[in-house]
Amino acid sequence: MAPGNITQVTEFILIGVSDLPELQIPLFLVFLVIYGLTIIGNLGIITLTSVDARLQTPMYFFLRHLAIINFSNSTAIAPKMLINFLVNRKTTSYYECATQLGGFLVFIVAEVLMLAVMAYDRYVAICNPLMYVVVVSRRICLLLVSLTYLYGFSTAIVVTPCVFSVSYCSSNVINHFYCDIMPLLTLSCSDTYVPETIVFISAASNIVCSMTIVLASYFNIVLSILRIQSSEGRRKAFSTCASHMMSVTVFYGTLLFMYLQPRTNYSLDTDKLASVFYTLVIPVLNPMIYSLRNKDVKDALKRLMANPCYFLKPI
């Protein structure tokens, strides 16, 4: 294409989950309910783990930040998505698109790392309980959480400019419901080898390192549980990590489904389906998983419901 014929894109059009007019209102209502439950569930977890004296442990400290990440990740995507269900012209400006992608990357990378941190916490609690207070001290918890957010922010700072360093011209229609990397790069009229390589290395290293920590932690946890003589002891040990195991399985299962499928089978429609799951469905599932399978959280919720002023008392 001759340079004189290039028209630089200044805004993008998001097709959304579906471009069928008759589905816009039903889909709006479905995702409005999902986002509403996400807000209620994650803010509930954040509140309970912040004010209840019995939930002031490293495990619930990390759970609080997982809820913050889930809430933030969903909020980076859902409001714009919901608005687009109700308008005819589903546009987003160039810089708004870049900001959304950056926000999404911060929290999705932070979630990958936070799940690894939580797996390590459970490993220490079950495999080395006598050293738990020392190994997972308040200072270490703050350091791990700070590094998690810092690494997510650093990834966004590196990857987002790479994605938007290529030229976008002619077509500006994104076959997605938010500004994601691959749908954006498919629109580029310039060479995308460098940003695709950076994205692949970043995603692969994040997933491999995180999954290695998770798998190594749970391998040792299972061995430790099997060495416990009493069935009641094994049950109690397993119950302390059952919720996290479910959360990890759902999250990594979705990521592996996306990234391990043959390239010949890749489609943007499949990408959209998986994206709905880990940007909107998982953030609403996590509070349910940790609430329904966690006695401490359920007891804290009962105390709050029975006496809302209970948490206002000095701890």
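This is a predicted model: local features need pLDDT of at least 70, side-chain atom pairs count only at pLDDT 80 or more; totals for chains, interfaces and linings use all residues.
Is cysteine 179 counted as buried or exposed? With a relative accessibility of 0%, cysteine 179 counts as buried.

A disulfide is a covalent bond between the sulfur atoms of two cysteines. Across the whole structure, a search finds 2 disulfides. One of them joins cysteine 179 to cysteine 97, with the sulfur atoms 2.0 Å apart. This link is left-handed, with an angle of -125° about the S-S bond. Cysteine 97 belongs to helix 3, whereas cysteine 179 sits in the loop between strand 3 and helix 6, so the bond ties together parts that are 82 residues apart in sequence.

The link of cysteine 169 and cysteine 189 is right-handed, with 135° about the S-S bond. Here too distant parts of the chain are linked: cysteine 169 lies in the loop between helix 5 (138-163) and strand 3, and cysteine 189 lies in the loop between helix 6 and helix 7, 20 residues apart. Cysteine 169 is buried, with a relative accessible area of 2%, but cysteine 189 counts as partly exposed at 40%. When the bonded cysteines are numbered in sequence order, the pairing reads 1-3, 2-4.

Cysteine 127 is in no disulfide, and the nearest cysteine sulfur, that of cysteine 241, is 9.2 Å away. Cysteine 127 is partly exposed, with a relative accessible area of 26%. Cysteine 162 is likewise in no disulfide; the nearest cysteine sulfur to it belongs to cysteine 97 and is 15 Å away. Cysteine 162 is buried, at a relative accessible area of 17%.

Strand 1 (residues 11-14) and strand 2 run antiparallel and are joined by 3 bridges. Within this pairing, glutamate 11 stands opposite serine 93 in strand 2.

A pair of aromatic rings is described by the distance of the centres and the angle of the planes. The count comes to 12 aromatic pairs. One of these is formed by tyrosine 120 and tyrosine 123, a tilted pair at 6.2 Å centre to centre with 35° between the planes. The two tyrosines are 3 residues apart in helix 3, so about one helical turn separates them. Both are partly exposed: tyrosine 120 has a relative accessible area of 33%, and tyrosine 123 one of 29%. Elsewhere, ring pairs link Phe12, Tyr94, Tyr95, Phe164 and Tyr168 into a cluster.

Threonine 192 is buried, with a relative accessible area of 13%. Leaving aside residues up to four places away in sequence, threonine 192 touches Val166 and Leu185.

Methods:
Residues are numbered from 1 along each chain as its sequence is written. Side-chain values use heavy atoms; hydrogens and water are left out. Two strands pair if DSSP finds at least two bridges between them. Helices (H or I, at least four residues) and strands (E, at least two) are DSSP runs, numbered from the N terminus. Rings of Phe, Tyr and Trp (its six-membered ring) pair if their centres lie within 6.5 Å; planes under 30 degrees apart count as stacked, over 60 as edge-to-face and the rest as tilted. Buried means under 20% relative accessible area, exposed over 50%, partly exposed in between (1.4 Å probe, protein chains only). Contact means heavy atoms within 4.5 Å. A disulfide is a pair of cysteine sulfur atoms within 2.5 Å.
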